[in-house]
Amino acid sequence: MIALIQRVTQAKVDVNGQTIGQIGSGLLVLLGVEKEDNCFKADKLAEKLLNYRIFNDEQGKMNLNVQQAEGSLLIVSQFTLVADTQKGLRPSFSNGAPPELANQLYEYFSQKCAEKIHVENGQFAADMKVSLTNDGPVTFWLNV
């Protein structure tokens, strides 16, 4: 399971011209689910994400996690994160989870995070338009 996380001052996701998820300060989480992923990996990634210290403290050092910074999460499914780009000029998605499993784990991951922090979501498998203001910019790739 892969999460590309971006510290943001604001982020939103639109589907068919309608905003379906929007946050102020927090993290935009692009989530990719691989075929070998399961609830244990989702739990591990949620724990890491919620405690990852990438927000500035009073001294301007990255010592606070999103919860301590009183931020929110916008979680968007992104199957392209699991692409194998090592060979050729076209990505392979053979590592990606089947859509049913990917959606189940996406929803499970979102629910686990929502137990501790405010979460907004994109729409699984939809054509989404994501906009954000990356704060820093600060972007990390988490993989479990």
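## The largest pocket

Strand S3 supplies the largest share of the lining of the largest pocket, 3 residues. This is a predicted model, and the pocket in it has a volume of about 390 Å³. Its lining is made up of 21 residues, of which Ser-77, Gln-78, Phe-79, Thr-80 and Ala-125 lie nearest the centre. The elements that give two or more residues to this lining are S3, S6, H2 and S8.

What classes of residue make up the lining of the largest pocket? There are 15 nonpolar, 5 polar and 1 charged residues.

Val-29 lies in strand S3 and is buried, with a relative accessible area of 0%. Leaving aside neighbours within four places in sequence, Val-29 is in contact with Ala-3, Leu-4, Ile-5, Leu-49, Leu-73, Leu-74, Ile-75, Val-76 and Phe-109. Leu-49, for its part, touches Ile-5, Leu-27, Val-29, Val-66, Leu-73, Phe-109, Cys-113 and Leu-142, not counting residues up to four places away in sequence.

## A glycine in a loop

Now look for Gly-122, in the loop between strand S7 (119-121) and S8. Is Gly-122 buried or exposed? Gly-122 counts as buried, because its relative accessibility is 14% and buried means under 20%.

Gly-122 and Gly-21 are 101 residues apart in sequence, yet their C-alpha atoms are 6.0 Å apart in space. Beyond the neighbours within four places in sequence, the contacts of Gly-122 are Val-13, Ile-20, Leu-74, Ile-75, Val-76, Tyr-106 and Met-128.

## Aromatic pairs

The structure holds 3 aromatic pairs. In one of them, the rings of Tyr-52 and Phe-140 have their centres 5.7 Å apart and their planes at 75 degrees, so the pair is edge-to-face; the angle that counts for this is over 60 degrees. The two residues are 88 residues apart and link distant parts of the chain: Tyr-52 sits in the loop between helix H1 (39-51) and strand S4 (55-56), and Phe-140 in strand S8 (residues 128-143).

Both partners are partly exposed: Tyr-52 has a relative accessible area of 27%, and Phe-140 has a relative accessibility of 28%.

## Backbone details

Strand S8 also contains Pro-137. A cis peptide bond joins Gly-136 to Pro-137, with omega about 0 degrees.

Two residues other than glycine have a positive phi. For Asn-16, phi is near 55 degrees; this residue is found in the loop between S1 and strand S2 (18-23) and counts as exposed at 75% relative accessibility. For Glu-70, phi is also near 55 degrees. Glu-70 is found in the loop between strand S5 (62-64) and S6, and at 72% relative accessibility Glu-70 counts as exposed.

Note on methods
Residues numbered from 1 in each chain as written. Predicted model: local features only at pLDDT ≥ 70, side-chain atom pairs only at ≥ 80, totals over all residues. Heavy atoms only, no water. Phe/Tyr/Trp six-rings, centres within 6.5 Å; stacked < 30°, edge-to-face > 60°. Helix = DSSP H or I, 4+ residues; strand = E, 2+ residues; numbered from the N terminus. Buried < 20%, exposed > 50% of the residue type's maximum accessible area, 1.4 Å probe, protein only. Contact = heavy atoms within 4.5 Å. 1 Å grid on protein atoms, 1.4 Å probe; cavity = no way out; pocket = protein on both sides within 12 Å on 5 of 7 lines; lining within 4 Å. Points joined across faces, edges and corners; volume = space filled by probe spheres on them. Nonpolar A, V, L, I, M, F, W, Y, C, P; charged D, E, K, R; others polar.
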